[in-house]
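Q: I'm new to this one. Can you walk me through a sheet and one residue?
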Amino acid sequence: MPSPVPEPGELRRIAIESAVACSPRLTRAFRSTPTDLNLTTKRNTHDLVTVHDRATENELMRLLLAAVPGSSFIGEEGGSRSGADTDGPEAELEWIVDPIDGTANFAHGFAMFSISIAAAVHGVVVAGVVLDPVNGLEFSVDDAGAYLNGERFGRTAPGLRADPGSIAAESAALEESTMNLVTSYPSAEALDVDGPKALERFARLVDSYATVRRTVSGALELAYTAIGWADVTLGVDTHPWDVGVGQLLVRRAGGQYLSRFYDTDGPERREPHLAPCYVAVAPGRRAPTAVRVVEELVTARRAAGYRGKPDS
């Protein structure tokens, strides 16, 4: 009979310990040569992978499945394993892992990457960690709240789930013109899909916000938004491992997370980490321009019959 699923606080601890165990390898490898990294590409020249992505994912899989036998695992580099070794029910717990979120940064010596581990119980993310090994930043989350290096931050009571529809209307002291936004849009793939409209949308963001940064590290972008170092994050064509922990960090800290799917015009009833597009806003902020940009993008792509990248 399978073991009971640990409580979110325990899952957070397991995620942290697994990430910490794998971080020395990445710290040692950071800013080594392309030969040492064994740098290759996946779908295109913008999508890099190193020998450390694969090795770290394999080690995380081993550690997490040893900690919770019978759980399942999905990783960005294609690693997957089901905890159901028999004809029994699917595993209640799934680990959603990005071994190096921000591989392009890691490969080019830019200190903006992390190990991201989310724990989902019956499809709902309940805990996780985003560990930046170079800068010593450990963002983690469970049902009690959001934490940086073990110290809780944020302003909401445990378990509250903010209404994403209120993002554009929430009152706040800061104007958009004083805030900073982080995004990876438009990517090269988005330019292929959206054409000149992608650059027009990006120009609107640049015009509306004090600073727009393309940091190309979704997990850390959301962690920075949760704690308020970034005011807004806008994501397009993301995957569960990009946002699994970050979206929960934002919501547990008291921020807002608006998720949008391509294949429905009705209320969003699926879990937010499954949505390909989102706007995340730090506690006490409002971001109507970012919300409009995402809504217009999703509406246009739906009308054109777009349903996401082939690997989505």
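A: First a term: two strands pair if DSSP finds at least two bridges between them. Strands (E, at least two residues) and helices (H or I, at least four) are DSSP runs, numbered from the N terminus. This is a predicted model, where local features need pLDDT of at least 70, side-chain atom pairs count only at pLDDT 80 or more, and totals for chains, interfaces and linings use all residues. Residues are numbered from 1 along each chain as its sequence is written, and side-chain values use heavy atoms, without hydrogens and water.
Q: How many bridges join strand E11 to E12?
A: Three, and the two strands run parallel. E11 covers residues 180-183. Val182 sits opposite Arg213 in E12.
Q: What order do the strands of the open sheet have?
A: E12-E11-E13-E15-E14, five strands with mixed pairing.
Q: Which strands stand at the edges?
A: E12 (211-213) and E14 (256-260). Each has a single partner strand, so one side of each lacks a neighbour in the sheet.
Q: Which strands does helix H8 touch?
A: H8 (residues 240-253) packs on the sheet and touches E14 and E15. Contact means heavy atoms within 4.5 Å. The direction of H8 makes about 135° with that of E14. Such angles run from 0 to 180 degrees between N-to-C directions, with axes fitted to C-alpha atoms, for helices over the stretch in contact.
Q: New topic. Is Ser114 buried or exposed?
A: Buried, with a relative accessible area of 0%. Buried means under 20%, exposed over 50%, partly exposed in between (1.4 Å probe, protein chains only).
Q: Where does Ser114 lie?
A: In strand E6, residues 114-121.
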